[in-house]
Amino acid sequence: MKKFETLSSSVVPLPIENIDTDQIIPARFLKATTREGFGENLFRDWRYNGDNTPKADFVLNDSTYSGKVLVAGKNFGCGSSREHAAWAIQDAGFAVVISSFFADIFKGNALNNGLLPIQVSDEFLAAIFTQVAKEAKSSLTVNLEEQTVTIDATGAKESFEINPYKKSCLINGYDDIDFVRSQTDLIEEFEENKVFKFY
Amino acid sequence: MAKTLVEKIWDAHVVKREEGFPDILYIDTHLIHEVTSPQAFDGLRKRGIGLFRPKQTVATADHNVPTLNQHLPIKEELSRYQVDMLTKNCAEFGVELYGLGHPFQGIVHVIGPELGITLPGKTMVCGDSHTSTHGAFGAIAFGIGTSQVEQVFATQCLQQSKPKTMKIEVNGELRKGVGAKDIILYIISKISAAGGTGYFVEFAGSAIRSLSMEARMTVCNMSIEMGARGGLIAPDETTFEYVKGRKFAPAGEEWDKALAYWKTLYSDEDATFDAVLTYDAAEIAPMITYGTNPGMGIGIAEHIPATSAQPETERASYKKALDYMGFADDESLLGKPVDYVFIGSCTNSRIEDLRAVAEFVKGKQKADNVEVWIVPGSKQVEAQAIAEGLDKVFEASGFQLREPGCSACLGMNEDKIPAGKYCVSTSNRNFEGRQGPNARTMLASPLTAAAAAVTGKITDVRELLEEV
């Protein structure tokens, strides 16, 4: 996994709530057996018409907006557990997703791939949207070590929470499968002493 | 110390607990399917390792499979490739596969319970959010992403922070025409599609207790639709009776030991939940959704809530949903024409669902404007339906009984609802495009779906039941 460092970037605003993983990557595009290439179909049905021509009014087709930070309405990533959603967002060039609320499985999938989900308050989310509406190329600075996100133009800053273990995985690029594999003795000991051995 | 059921099972599976780290949780059973596993198998290859406990892993092909002519090669090239890849991976890594053509093949959340793989007290995961279904047996079961599938392959463990616990009690007696699907759609409509996020939910109360195992699975299946990590129901005599004698269930002396252990699996009287919600079963009507997330549901005779009644920040998203569905504020759904009826999915494709539909439609005909697909959850459900003559009832009514798979729940195979068409569906998600690009989904119970099939429009099934 790539190490996460401090990031300053303009943002892509998507002020819609309850964006589910079927919107992020529709099921019919889940047939690839590798992790690459899903970015092409990110938000497929919002981004393209039935005849595959781009929908001009969708934010990813609007050159006014660009950047490595996707900012979306609350309950982002609900629905299906497909990790392809995190892969698609990352493959399209995003390193951070900001929302006022994330669905559990999506959040875990994002963290497992080095895509940083940042949960901010409703007020801070609104402030980001307001700033970007005023000035499309406004940038945010994300500092993972300090756990802060700043709207550069106004200096407004908010702290965010992240599980300390996950934080160290992101900062150091650790692989948690290697970590658990290093505990094999404990796992085998657990198996010896199971409460109910039939399982 | 008094514990909730979730805590009892969770604590019995913790391999290592360390401050500042997620728990290392032992996983008893890992279910896999063709869509979310290939990248995880690839990860093992890159590491040069195999599965840590291949015998605790079971595979089936469900998401991509056609529901007609399953004996022929899969026509769609990418689907065929993905299903073939599963076969190849299972052979290479020593995983039992119930693939196409196998008498146990079916939707992963239907076959686990019917084979006795799903048992009280287990921890179970699958790269599929509806893994919560297995919680109906009093198991901790939840969906995971592909990186986690690889972690379970490699270690039979998962790093997971212990979830918060929520108890949802439904008490009293259900009214006529109201079933498990209505209960769960009602709860989600009350607490929203995000209301359970961060929690593991225990469903309790007299109305839940009176449900059959299949109905309990319907309830737990949709726990994820309120954002919950999973849902479960304490095992009881109904559970034990269902499990006993199933293919992989404990038998003989093992059964006695199992039963003794399973009888300890309940939330202690004085255990504390982080949240408790209580509902009255008598308040629940047949439910239907009108929007593009499962929280947007109403009693079938109610009107669509007005956009102006939504919190200000949510109005734009709410309006977008109504526009997508072609509905307006304050409208009633009753009488609206329907194009498709889909009875299937891991929510409602079990034999009881099919029996309920058959009993209702017997002697009735489907309306001319509707196409009806009935997709059984597994080969075993299909065989049982045929043995009971349900196929004949469906045929006489103009309902098509197809072969098992996930089908039009998510349209990964050919079973898609065309753009702009309305489908009353017994599945679990009404997201935009879920059943096909621009398809419009209305979630409901098998009975409400069957009523729409025979009248060709959204119908309050209670009125048809009164005629009998």
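**Figure 1. Contact between chain B and chain A in the predicted model.** In this predicted model, 76 residues of chain B touch 56 residues of chain A. On the chain B side, Gln39(B), Arg47(B) and Ser147(B) lose the most area to chain A, and together they make up 11% of what that side buries. The area buried between the two chains comes to about 5,400 Å². Carbon and sulfur atoms give 59% of that area.

Figure 2. Nine salt bridges are counted between chain B and chain A. One salt bridge joins the side chains of Glu188(A) and Arg53(B), with 3.9 Å from N to O.

**Figure 3. Elements of chain B that touch chain A.** Several helices and strands of chain B give two or more residues to the side that touches chain A. The strands are strand 1 (14-16), strand 2 (23-26) and strand 8 (157-160). The helices are helix 2 (38-47), helix 3 (77-93), helix 5 (146-155), helix 10 (253-262) and helix 11 (315-325). Helix 5 of chain B gives the most, with seven residues. By residue type, the side of chain B that touches chain A divides into 32 nonpolar, 26 polar and 18 charged residues.

Figure 4. Chain B holds 16 helices and 19 strands. Its C-alpha atoms fill a box of roughly 55 × 55 × 45 Å along the principal axes. A compact globule of 468 residues would have a radius of gyration near 23 Å, and the 21 Å of chain B agrees with this. Of the 468 residues of chain B, 67% count as buried. Among the contacts in chain B with a separation of 6 or more, 76% are between residues 24 or more positions apart.

Figure 5. Thr118(B) lies in the loop between helix 4 (108-114) and strand 6 (123-126) of chain B. Thr118(B) counts as buried because its relative accessibility is 0%, and the cut-off for buried is under 20%. The side chain of Thr118(B) makes a polar contact of 2.8 Å with the side chain of His134(B). Apart from neighbours within four places in sequence, Thr118(B) is in contact with Gly112(B), Pro113(B), Met124(B), His134(B) and Phe137(B).

Technical notes. Residues numbered from 1 in each chain as written. Chains lettered and ligands numbered in written order. Predicted model: local features only at pLDDT ≥ 70, side-chain atom pairs only at ≥ 80, totals over all residues. Heavy atoms only, no water. Contact = heavy atoms within 4.5 Å. Buried area = accessible area lost by both parts, 1.4 Å probe. Salt bridge = Lys/Arg side-chain N within 4 Å of Asp/Glu carboxyl O. Helix = DSSP H or I, 4+ residues; strand = E, 2+ residues; numbered from the N terminus. Nonpolar A, V, L, I, M, F, W, Y, C, P; charged D, E, K, R; others polar. Rg over C-alpha atoms; globule rule 2.2 N^0.38 Å. Buried < 20%, exposed > 50% of the residue type's maximum accessible area, 1.4 Å probe, protein only. Polar contact = N/O pair within 3.5 Å; in protein donor to acceptor, adjacent residues only side chain to side chain.
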